[in-house]
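The following questions and answers go through one protein model. Please look at the sequence and the structure first.

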Amino acid sequence: VIVYHYRRTSPGKLARQFYRFAIGRLQAGKKDSGMIRMPHIIMGAALPCFAIISLALVFISQKVFFYFTGIIFLAISGMAVACFLKCRSIPVSFNFILALVTMIFSWSLGFMRELAAPLKDVKGK
């Protein structure tokens, strides 16, 4: 098997790719439920859940809100450290964080967009 991998040249192009991937995955899942798995749903719900939890915590307790964001920061930092230990490159580790946040954010936006307003006429765009 020969696999060709096209690397996106900017965070914006990567965001657009994952936004479209999420829309396509949800459309495929409507035809075959086996095409959607729990990680797809979790990533699709990540942004709205984060926003709702953050907003609720700000009003309930700012101290708990800071703990919540601190835990998320530590998790992302831990992944960046693991990336650094594997590749031994600080720029790659920072790019990993940027790519991770971009992919989660754009996947969630595309997933929510397709749930809220499904595309009627899909022509591969």
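Patches are made of residues with over 30% relative accessible area and no salt bridge, where like charges are joined within 9 Å and nonpolar side chains (Val, Leu, Ile, Met, Phe, Trp, Tyr) within 5 Å. Accessible areas come from the Shrake-Rupley method with a 1.4 Å probe, and for residues only the protein chains shown count as cover. This is a predicted model, in which local features need pLDDT of at least 70 and side-chain atom pairs count only at pLDDT 80 or more, while totals for chains, interfaces and linings use all residues. Residues are numbered from 1 along each chain as its sequence is written, and side-chain values use heavy atoms, with hydrogens and water left out.

Q: How much accessible area do Met38, Ile41 and Ile42 have together?
A: Methionine 38 is in helix 2; helices (H or I, at least four residues) and strands (E, at least two) are DSSP runs, numbered from the N terminus. Methionine 38 counts as exposed because its relative accessibility is 53%, where exposed means over 50%, buried under 20% and partly exposed in between (1.4 Å probe, protein chains only). With Ile41 and Ile42 it forms a nonpolar surface patch of about 290 Å².

Q: At what angle do the axes of helix 2 and helix 3 cross?
A: Phe50, Ile53, Ser54, Leu57, Val58 and Ile60 of helix 2 meet Gln62, Val64, Phe65, Phe68 and Ile72 of helix 3, contact being heavy atoms within 4.5 Å. Axes are lines fitted to C-alpha atoms, for helices over the stretch in contact, and angles run from 0 to 180 degrees between N-to-C directions. The axes of helix 2 (residues 38–60) and helix 3 (residues 62–87) come within 6 Å, and the crossing angle is roughly 145°.

Q: Which residues do salt bridges that share partners join into one network?
A: A salt bridge is a side-chain nitrogen of Lys or Arg within 4 Å of a carboxyl oxygen of Asp or Glu. Lysine 30 and glutamate 114 form one at 3.2 Å, N to O; lysine 30 lies in helix 1 (residues 11–31) and glutamate 114 in helix 4 (residues 90–116), so the pair ties together parts 84 residues apart in sequence. Glutamate 114 also meets arginine 113 in a salt bridge at 3.9 Å, N to O. The network is made up of Lys30, Arg113 and Glu114.

Q: Is glutamate 114 buried or exposed?
A: The relative accessible area of glutamate 114 is 1%. Glutamate 114 is therefore buried.
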